[in-house]
Amino acid sequence: MKLRVIALLWLTCSLSAAMAQSAKTYQVKSPDGKINVNISAGATVTWAVNHEGTEIITPSEISMTLDNGDVLGKNAAVKKAAASSNNSTIATPIYKKTQVQDNYNQLTINFKGDYSLIFRAYNDGAAYRFVTAKKGGITITNESANFNFKDDDKAFLPFVNDYRNKDKFTTSFESHYDNINLLAIKKDTLAFLPVLVDVGSPKKAVILEADLQDYPGMYLTRGEGNGLHSVFSKYPTEEAVLRINYVVNKRAGYIAKTSGTRSFPWRVVVISTEDKQLADNDMMQKLAEPSQITDYSWIKPGKVAWDWWNDWNVSHVDFKSGINVPTYKYYTDFAAANKLEYIIIDEGWSDDYDLNKTKLDVQAIVDYAKQKNVGVILWSTWYAISRDVEGLMDKFEKMGVKGFKVDFIDRDDQKMVASLFDIAKIAAKHHQLIDYHGMYKPSGMQRTWPNIINCEGVKGLENMKWGTDNQPGYDVSIPFIRMMSGSMDYTPGGMRNATKEAFRPVNSNPMTQGTRSHQLAMYTIFEAPLQMLSDNPSIYQREQESTNFIAAIPTTFDATVALDGKVGDFVSIARKKGSTWYAGAMTNWNARDLTVDLSFLGEGKYKAVIFEDGLNAGKDATDYTTKTITVTAKDKLTIKMASGGGWAARFDRE
């Protein structure tokens with residue numbers, strides 16, 4: 001018996017050694033030659049990423065496990081490896097620029113077992129994805145994506161911290177960042193993407209995923225050594241309504257049942273040598289499935305007069321404000337007077353579970369708004385609209401509604417991800433815009449379905465109603481992290497601005513942390529094709545100077561230039577629409593002087609309209625000053641930002 005065991009062990013070790021000895025190695029370089037992706041395929045498949053001599057990702061295993069016991073990426077036998085390159089232009093009409101250069105080198109490795117791995121190297125990062133070519137359907141029990149680092153680096157991690165129904169995969173995807181070392185990550189905690197790792201000053205690595213379709217979203221937890229390891233939610237098998245959520249009571253033993261012939265989401269690492277590069281990155285556009293919409297004419301980005309954040313709190317009117325026709329006519333009049341494209345009728349107009357049970361004469365509001373050239377968007381829970389997407393889209397399209405804000409999604413398991421693509425597809429058929437809330441990171445879905453005009457997945461201004469710490473620090477972190485995954489419905493525009501000492505949570509007349517100019521700068525810095533004016537019309541009318549400024553800022557642009565920034569400290573960005581440039585800067589709770597180089601302007605003279613923190617903004621955060629000056633591209637402006645401060649400007653070509 002002992003001899004048999006020894007022989008078996010010898011055979012196993014010999015086979016493993018033979019596989020290790022026969023491992024094949026491959027390399028794919030970025031077009032500029034600075035990034036190397038090294039792949040080893042044998043007993044395991046690993047990838048490693050190097051940038052100009054810096055180890056960004058050390059060898060990290062890749063695999064996918066099927067329910068029949070097959071492990072794609074284990075004992076991998078290569079059939080063929082083929083290199084290719086691409087250098088093309090992607091048109092991006094509803095974005096921060098009109099086009100994106102898609103330039104990469106690619107290696108496709110085909111393995112025995114009817115699967116492939118595709119590796120890409122860009123000048124700003126690297127990515128890989130599985131592709132299967134199996135007959136019928138497959139069931140995936142797990143995928144292993146690993147991101148190993150050489151050192152115990154510091155990372156910015158947004159942890160899941162608000163379990164719904166005691167399910168850690170039911171969450172709002174809203175969290176401030178924990179800036180901690182990799183080895184300080186607690187066991188069994190989950191971080192949702194994107195995650196930023198400081199791999200050694202000044203280089204950063206941001207982990208994302210792209211083209212997430214019909215598959216669960218990826219979370220990260222502490223892996224081996226200095227590594228991060230993937231975690232995926234299992235497929236839901238029992239669900240129930242719990243207040244306004246549709247929660248999971250039981251999950252299966254697999255993460256996805258899907259077609260055997262398909263591509264899977266990209267696993268992505270973006271690399272920067274300056275933080276500001278992260279604030280103007282296009283990786284999601286480059287990796288997402290191309291648009292499924294050919295006619296964009298009905299997709300109209302714009303700004304919104306929003307009701308919920310300000311608690312329908314209008315004043316000095318001859319009607320009782322609330323969820324009623326006179327209030328929404330008032331919001332409509334405000335939108336029309338300030339050339340805002342939409343109003344939203346948020347929670348309360350219908351039954352939370354049945355949109356056919358209305359509490360408001362929506363048709364009267366839609367008809368009135370149409371006369372004012374203002375569109376109407378309706379709020380819905382995911383549960384309510386998912387009961388009959390086709391029927392509801394058809395009904396409200398005929399009424400003249402322009403779109404839906406779909407809320408309380410709070411999951412990214414395979415079922416939910418597939419549902420959101422189905423909703424977007426049906427909405428597009430009926431020319432309806434979609435704004436997803438309670439939402440995971442978009443991961444490129446807005447390129448595939450451009451009628452998804454915005455997504456939340458950010459700890460935005462609504463949190464000011466119940467209070468949170470260090471929002472300005474978060475505000476100057478998300479342009480380098482969360483915004484890399486796509487636009488975000490942060491919902492800026494609060495006019496009751498407060499210093500760190502004066503702030504307190506208020507529900508009905510909420511405050512914001514930081515200065516007035518901090519809020520104004522968000523309209524240029526934060527990417528949002530559908531952008532909210534979150535405060536009430538009454539206060540905007542009292543603060544008409546600020547209102548005029550933000551109402552005139554576009555929500556999509558022709559060009560973007562990230563000017564300067566340091567994640568968690570400050571950010572400054574400029575964007576162009578037509579011949580006009582817009583620029584904004586924000587700081588954390590630290591007051592800061594900053595130089596803004598205007599070389600982005602190009603030739604000619606420009607009239608600059610500038611909003612900046614007032615001399616007393618450190619005591620009264622609503623304090624600001626304005627000035628109008630003539631500038632050229634040769635000028636440099638020195639700006640002074642108060643604690644939680646900001647700066648915003650518009651440059652009109654003379």
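Colleague: What do the buried residues of α8 pack against?

Modeller: In this predicted model, they pack against β19 (256-263), α6 (382-386), α7 (389-399), β25 (433-436), α9 (445-448) and β26 (452-455). The buried residues of α8 include Met416, Val417, Leu420, Phe421 and Ile423. Ala424, Ala427 and Ala428 are also among them.

Colleague: How many Å should helix α8 span?

Modeller: Count 1.5 Å a residue. Helix α8 covers residues 414-429, so its 16 residues should span 22 Å. The end C-alpha atoms of α8 are 23 Å apart, which agrees.

Colleague: Which residue with a positive phi follows α8?

Modeller: Histidine 431. Its phi is near 55 degrees.

Colleague: Now two helices. At what angle do the axes of α4 and α5 cross?

Modeller: Roughly 20 degrees. Angles under 35 degrees count as roughly parallel, so α4 and α5 are roughly parallel to each other. Their axes come within 10 Å. The crossing is right-handed.

Colleague: Which residues meet there, between α4 and α5?

Modeller: From α4, take Val325, Tyr328, Lys329, Thr332 and Asp333. They meet Ile365, Tyr368 and Ala369 in α5.

Colleague: Last, a single side chain. Is glutamine 519 buried or exposed?

Modeller: Buried means under 20% relative accessible area. Glutamine 519 has 1%, so it is buried. This residue lies in helix α11 (residues 516-525).

Colleague: Which backbone nitrogens lie by polar atoms of the side chain of glutamine 519?

Modeller: The one of glycine 493 lies 2.9 Å from such an atom. For glycine 494, the distance is 3.1 Å. Beyond its neighbours within four places in sequence, glutamine 519 also has contacts that include Leu461, Pro492, Asn497 and Thr512.

How values were computed
Residues numbered from 1 in each chain as written. Predicted model: local features only at pLDDT ≥ 70, side-chain atom pairs only at ≥ 80, totals over all residues. Heavy atoms only, no water. Helix = DSSP H or I, 4+ residues; strand = E, 2+ residues; numbered from the N terminus. Buried < 20%, exposed > 50% of the residue type's maximum accessible area, 1.4 Å probe, protein only. Polar contact = N/O pair within 3.5 Å; in protein donor to acceptor, adjacent residues only side chain to side chain. Contact = heavy atoms within 4.5 Å. Expected span 1.5 Å × (residues − 1). Axes fitted to C-alpha atoms, helices over the stretch in contact; angles between N-to-C directions. Parallel < 35°, antiparallel > 145°, perpendicular 65-115°, else oblique. Left-handed = near helix turned anticlockwise from the far one by under 90°.
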